[in-house]
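Here is a short briefing on a structure with its sequence.

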Amino acid sequence: MKLLLHIALGHLLARKRQTLVSMMGVAMGVGFSIAMASLMEGSQRDFITRIVDNMPHIVIKDEFRANPLQPVDLLFQKGAVELKGLKPKDEIRGIKAPWNKIEALEALPGLKVAPTLSSQIFLSFGGKDVSATLLGIDVERERQATSIEADIVTEGGLDSLHTAANGLILGRGLAAKLGAQPNDTLTATSASGVVMKMKVVGLFHTGIISVDSSQSYALLKKAQILADRPNVINLMRIKMSDPMAAVDMALMLESRWGYKSESWQESNEGLLGAFAIRNAVMYITVSAILIVASFGIFNVVSTVVYEKTRDIAILRSMGFEPSDIKGIFLLEGFLVGLLGALLGWGLGFGLCQILGMIRFNIKMMTEVQGFILHSTWIHYTLSGAVAATSATLASYLPARKASRLKPVDTIRGAA
Amino acid sequence: MNLETPAIEARSLSRILPGLVPAVLVDGVDFRAEKGELVAITGASGSGKSSLLYLLGLLDEPTSGSVIIAGQDCAPLSDAERTYLRLERLGFVFQFHFLLAEFTVLGNVCMPMKKLGRLSDAEQDAHGRALLKELGLQGFEKKLPEQLSGGERQRVAIARALANAPGILLADEPTGNLDSKNSRIVFDIFRNLARDHGKTIITVTHDHDLAKTCDRQVHLADGKVVA
Ligand SMILES: Nc1ncnc2c1ncn2[C@@H]1O[C@H](COP(=O)(O)OP(=O)(O)OP(=O)(O)O)[C@@H](O)[C@H]1O
Ligand SMILES: [Mg+2]
């Protein structure tokens, strides 16, 4: 092996420029793949962080994923049973015995729960009627389990709900639709016909238009009175200290209580799927670059094999095995790939530094924005391994050809 | 009749290239060379000298007949075993020097020793230098082949062929590219190797004067030994 390496290095060092060019090919592939992976990973992590920071990690709703099984279904579980004209019985909506459940949830480590009654209401002000979603909340729990407090743009935060008899915090868009300002008193009407005077005690702005233009907050008790559903809760929003465990936890909660429990991953399935596709596109692009680089290596090793036909012949007649010859040229490909990968690591690292320094000055954005980069050792290891492997594979055909050369054919022709 | 085991022997050796019109390269050759013998193979161009030498050197496989080296019949050997015999017992010199351009003179000479792997690096180095000195190439160790004259290159090639101390040296027109002075030097070396070191040397040559200086001449015509 040492001897083969010795000869392989001799060949490569004798044609430094060619070797360097093909190494650069590999380096480009590896370098760009590291930079691209870093960009992708960075933006993806940033996105997920935003989701994870701003959305509940699990939402338990007073819904069930499947209609309850009917007795006939239970009896003939494997039968081809079709039930028609079934009249579902009127069930009282809402999560049953919510406070027991909240207590159970809060006993779990790292879990925060915000119990909510979400209902549709009409808000009237100055002759305008606007429909809105009213979230009845428990201020202290809401503060711990969600980030809404940070989005309240008026003084006092969530606690301002306590400052009026029927306090209401509106999304800024919703307030604009109504033409209402803080301290205005609106008329709220629920689907069950209860009418209540409510005072605007605050405004919030999350930046998500659909939320800002339709959502409002009130104390849970008031919302229950307005909806005429005393003591009812129909939504539990859960924040976890380990958001990645949300899928398992949601499954567990759903199997325990039956209520539909949706993890943030499930709610954002489309987005996470898009990330997967984006990553696939990236890997395809990077593979393409490396394939091109492999052609370069194939080219060098083929050239060396062609130029070194005489050397191969004398080495074979001297007592080198065909496998030795193959080894020499495989090693040459591997070395170009390996050194190219090392160069590529440097290039990738440098590219990341440069990309990290770029700033976009977009006026609409309050902060100065740049690329969000995130490199992991996996990017480096993976790209390096792929480069070295593809380089070795690229040299396989010429190496095999070299090992099959018959020394006599060459020696006869040489004079 | 010599009763000792010959260093190398060919028994009714034939090499026929298959094809529409099969080409007979070597045709039923019987041949033997003793230890310490310097044999010249002569013959017109195309008479099969090189072909015979390749067969004797296990570089080519005969269509029929066999080559026996130091009493061992090589016909039943595997490719790997033949390769090992070449490494251990045979040395080759060709008309072209076949030196590896990327390696120094000493590096070239040490190549077969490295492959055989019996000597330490230091021993290889010392042995290589000794061989070069013996062939009058002292001081050339660190030079590259391209910095040498044709005669010097050919002597380096001889040194390399001798690196693993083979009993048999096979040379195919080793002086084909050399002037008469250098040719004489090469043959002096051969004679010396045969006489003083007991090497068996079989060399193909076109040069009748040089052939005459050998212990014996074998003349080929149309792939057959004629004298
Ligand atoms: N691959 C081949 N196909 C057909 N004929 C071949 C082939 N190789 C060699 N020959 C023929 O075999 C015969 C013997 O060739 P060989 O090289 O052994 O002759 P030689 O005596 O060494 O000649 P020279 O003195 O020119 O080197 C020649 O007639 C040659 O043309
Ligand atoms: Mg010839």
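The accessible surface of chain A comes to about 21,700 Å² (Shrake-Rupley method, 1.4 Å probe; for residues, only the protein chains shown count as cover). Carbon and sulfur atoms make up 62% of that surface. For chain B, the accessible surface is about 9,800 Å², with 50% from carbon and sulfur atoms. This is a predicted model: local features need pLDDT of at least 70, side-chain atom pairs count only at pLDDT 80 or more, and totals for chains, interfaces and linings use all residues. Residues are numbered from 1 along each chain as its sequence is written, chains are lettered from A and ligands numbered from 1 in the order in which they are written, and side-chain values use heavy atoms, with hydrogens and water left out.

**Burial**
- In chain B, 55% of the 227 residues count as buried.

**Overall dimensions**
- The C-alpha atoms of chain A fill a box of roughly 110 × 65 × 40 Å along the principal axes.
- For chain B, the box is roughly 50 × 40 × 40 Å.

**Domains of chain A**
- An automatic or database domain assignment divides chain A into domain 1 (2-52 + 271-414) and domain 2 (94-233).
- The centres of domain 1 and domain 2 of chain A, taken over C-alpha atoms, are 58 Å apart.

**Helices and strands**
- Chain A has 17 helices (DSSP runs of H or I, at least four residues) and eleven strands (runs of E, at least two).
- Chain B has seven helices and ten strands.

Terms used. Buried < 20%, exposed > 50% of the residue type's maximum accessible area, 1.4 Å probe, protein only.
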